[in-house]
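Subject: Structure for you to look at

Hello,

Here is the structure I said I would pass on. Please open it beside this email and follow along; my notes come after it.

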Amino acid sequence: MAGSGSSLKSAALLEQMKSHLTTDAGKELIKKTGLVYQLNFAPKQKIGVDEEIYVIDLKVGKVTQGAYKGKPDASFSLKDDDFLAIGTEKMNPQIAFIRGSMKIKGSLSAAQKFTPDIFQNR
């Protein structure tokens, strides 16, 4: 379960996302998106160190802790605080990427589909 045993500030946001995917709007989003995202969270200040990994699977509508078995459509590496800022719309994801606060691997077109719609209306 996302967030269980996690020290991430973003854990509550991931739980909220998990609930959102069970709603009608969430199910529509799954149908529309159909992609798998892996999020590598750095709880400290350095990306790539002591990361907690979560998968947002918009093929089946699940949020899980642990690395994706296979190749995700896009992976994001970022600090916990930055994900929280993006998820609460205090930071623009494109700006985070340009500043180097967020690293992306995989398909850039898939990464661009990781939009605020994935987070339910806050």
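D81 is partly exposed, because its relative accessible area is 37%. The model is a predicted one, so please read each value here as computed from predicted coordinates. D81 forms a salt bridge with K9, and the closest N and O atoms of the two are 2.8 Å apart. This pair links distant parts of the chain: D81 sits in helix 3, K9 sits in the segment before helix 1 (11-20), and 72 residues separate them. K9 counts as exposed, because its relative accessibility is 51% and the cut-off for exposed is over 50%.

How many salt bridges does the structure hold? There are 2. Besides D81 with K9, the side chains of K31 and E28 meet in a salt bridge, at 3.9 Å from N to O. K31 and E28 are separated by about one helical turn, because they are 3 residues apart in helix 2 (residues 24-33). K31 is exposed, with a relative accessible area of 67%, whereas E28 is partly exposed at 47%.

About 290 Å³ of space lies in the largest pocket. It is lined by 16 residues, and those closest to its centre are P93, Q94, M102, A111 and Q112. Which elements each supply at least two residues of the lining? They are strand 4 (74-79), helix 3 (80-87), helix 4 (93-98), strand 5 (102-106) and helix 5. Sorted by class, the lining has 13 nonpolar residues, 3 polar residues and no charged residues.

A111 lies in helix 5 (residues 108-112). Is A111 buried or exposed? A111 counts as buried, because its relative accessibility is 9% and the cut-off for buried is under 20%. Leaving aside neighbours within four places in sequence, A111 is in contact with Y37, A74, F76 and I104. For A74, the separation along the chain from A111 is 37 residues, while the C-alpha atoms of the two are 5.6 Å apart.

One backbone angle also came up. Most residues other than glycine have a negative phi. E89 is not a glycine, yet E89 has a positive phi of about 60°. E89 is found in the loop between helix 3 and helix 4, and counts as exposed at 55% relative accessibility.

Last, the chain as a whole. The secondary structure of the protein chain comes to 5 helices and 5 strands. Along the sequence, these follow the pattern α-α-β-β-β-β-α-α-β-α. The radius of gyration is 13 Å, close to the 14 Å that the globule rule gives for 122 residues, so the chain is as compact as a globular protein of that length. The C-alpha atoms fill a box of roughly 35 × 30 × 30 Å, taken along the principal axes. Of the 122 residues in the chain, 43% are buried. Among contacts with a separation of 6 or more, 64% are between residues 24 or more positions apart.

Regards

Technical notes: Residues are numbered from 1 along each chain as its sequence is written. This is a predicted model: local features need pLDDT of at least 70, side-chain atom pairs count only at pLDDT 80 or more; totals for chains, interfaces and linings use all residues. Side-chain values use heavy atoms; hydrogens and water are left out. Helices (H or I, at least four residues) and strands (E, at least two) are DSSP runs, numbered from the N terminus. Buried means under 20% relative accessible area, exposed over 50%, partly exposed in between (1.4 Å probe, protein chains only). Contact means heavy atoms within 4.5 Å. On a 1 Å grid over the protein atoms alone, a cavity is a set of points where a 1.4 Å probe fits but cannot get out, and a pocket is an open set with protein on both sides within 12 Å along at least five of seven lines; lining residues have an atom within 4 Å of a point. Grid points are joined across faces, edges and corners, and a volume is the space filled by probe spheres set on the points. Ala, Val, Leu, Ile, Met, Phe, Trp, Tyr, Cys and Pro count as nonpolar, Asp, Glu, Lys and Arg as charged, and the others, Gly among them, as polar. A salt bridge is a side-chain nitrogen of Lys or Arg within 4 Å of a carboxyl oxygen of Asp or Glu. The radius of gyration is taken over C-alpha atoms; the globule rule is 2.2 Å times the number of residues to the power 0.38.
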